[in-house]
Amino acid sequence: MNQPQSWEARAEEYSLYGFTDMPSVHQRGTVVLTHGEGPYVVDVHGRRYLDANSGLWNMVAGFDHKGLIEAAQAQYARFPGYHSFFGRMSDQTVMLSEKLVEVSPFSTGKVFYTNSGSEANDTMVKILWFLHAQEGKPQKRKILTRWNAYHGVTAVSASMTGKPYNSVFGLPLDGFLHLTCPHYWRFGAAGETEEQFVQRLARELEDTITREGADTIAGFFAEPVMGAGGVIPPAKGYFQAILPILRKHDIPMISDEVICGFGRTGQTWGCQTYDYMPDAIISSKNLTAGFFPMGAVILGGDLAHRVEAAVEAIEEFPHGFTASGHPVGCAIALKAIDVVMNEGLADNVNRLAPRFEDGLKRLAEKENIGEYRGVGFMWALEAVRDKATKTPFEGNLSVSERIANTCTDLGLICRPLGQSVVLCPPFILTEGQMDEMFEKLEQALDKVFAEVA
Ligand SMILES: *Cc1c(COP(=O)(O)O)cnc(C)c1O
């Protein structure tokens, strides 16, 4: 397959791959892509794949949206780049901040821009460290997150991420604490009801705060639905149980909406779908429909006022990226928000979500599917060796990788995550394309389950 001059060979010769199973690449070669059409991507050999992962959750308007391309081209022609330092910023940046506060659940607020979700979480942590120190609590620095959470890859956001693979970097850093993942099907104890499970997690939070001291905890970060942890919606009543505890101890709650934000769960924000009010929101991925690398910290009114006062006291907030608030990124984000909210994309998610769930429910009747879970346009199927005992397949069988690789051979891109397969297609998906997704997935499941039986 890998002739010296092939795209595949050249990719392997010169690229250091991130988050990639290298034995699979050596065996199967790299999928080198040239372009996309709607929810499909096309490789250098002309093969088409239905991308049921929207790239990496982010290409929600598909891969060739005309309006977004035109918005980018027009802004490149008008003002192709600028920063947001020294009291200068582009008009597009002003308009986007205004828009983000308008569509946020906050009545007032302030926005800070980054180039990625990781940097936005990193920035939020620095804002909290700065704020608490200015308010006379320099020791209020610890960060609470959950096991299986994904908050990014910078040294700080990787420390927030609750995944064992970060141990290869000697992470997490000190002061990053991980609480139980709110996945009832997997972590509920024998005989424990979902309500009891949630109460146990609330007690764990209260005990952790008591043990560490509320004055040492800077903030609590959570995704509404855990994305890269395997699409894990919160156990019922989870956020309603933990929010009062955080409030009581004056610990800010930050909703990491990098995946859930802008319609993925059916409403504009995941915190609206799960009915809680955070103190700040982290946005990226869907913010530009994947057409520009950009992240944003959206501070709600109370936090915004406190941070503003802290900044006034020292006259300057010493933080920012060269491309923070990039005018092209902002112009694209303004268009992307309009496209998702006003061109029927969010409506399509809500219209097709029940059909999505029906399809998964049917597949979950298979003997080797333990659970289907999700909301809106983000779902997962979890494979098991034994349905009754929830026993996973032996790790060396790499069942989810085999399912995903078989799907790729059939022209469907989906992602293996642990023992699960993740489906999070672009919001423009049609009924026919959804049927195609389920047909190919079912073929792959049947083939792989027969192989590993
Ligand atoms: C992807 C993701 C991030 C990190 O964003 P990058 O742009 O990859 O740095 C942070 N939080 C969540 C919930 C994510 O899904």
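Residues are numbered from 1 along each chain as its sequence is written. Because the model is predicted, local features need pLDDT of at least 70 and side-chain atom pairs count only at pLDDT 80 or more, while totals for chains, interfaces and linings use all residues, and side-chain values use heavy atoms, with hydrogens and water left out.

Let me begin with the ligand. Which residues are around the ligand? They are Ser116, Gly117, Ser118, Asn121, Tyr150, His151, Gly152, Glu223, Asp256, Val258, Ile259 and Lys285, where near means that a heavy atom of the residue lies within 4 Å of the molecule. This shell has 3 nonpolar, 6 polar and 3 charged residues; Ala, Val, Leu, Ile, Met, Phe, Trp, Tyr, Cys and Pro count as nonpolar, Asp, Glu, Lys and Arg as charged, and the others, Gly among them, as polar. Helix H6, residues 117-134, gives the most to the shell, with 3 residues; helices (H or I, at least four residues) and strands (E, at least two) are DSSP runs, numbered from the N terminus.

In the side chain of serine 118, an N or O atom is 2.5 Å from an oxygen atom of the ligand. For lysine 285, the distance from a side-chain N or O atom to a ligand oxygen is 2.6 Å. The protein buries 85% of the 380 Å² that the ligand exposes when taken alone, by the Shrake-Rupley method with a 1.4 Å probe.

I turn now to two helices. The axes of H5 (residues 91-103) and H13 (residues 327-342) come within 8 Å and cross at roughly 35°; axes are lines fitted to C-alpha atoms over the stretch in contact, and angles run from 0 to 180 degrees between N-to-C directions. The contact of H5 with H13 has 11 nonpolar, 2 polar and 1 charged residues.

Finally, the backbone. Most residues other than glycine have a negative phi, and most peptide bonds are trans. The bond from leucine 171 to proline 172 is cis, with omega near 10°. Glutamate 315, not a glycine, has a positive phi of about 75°.

Technical notes. Polar contact = N/O pair within 3.5 Å; in protein donor to acceptor, adjacent residues only side chain to side chain.
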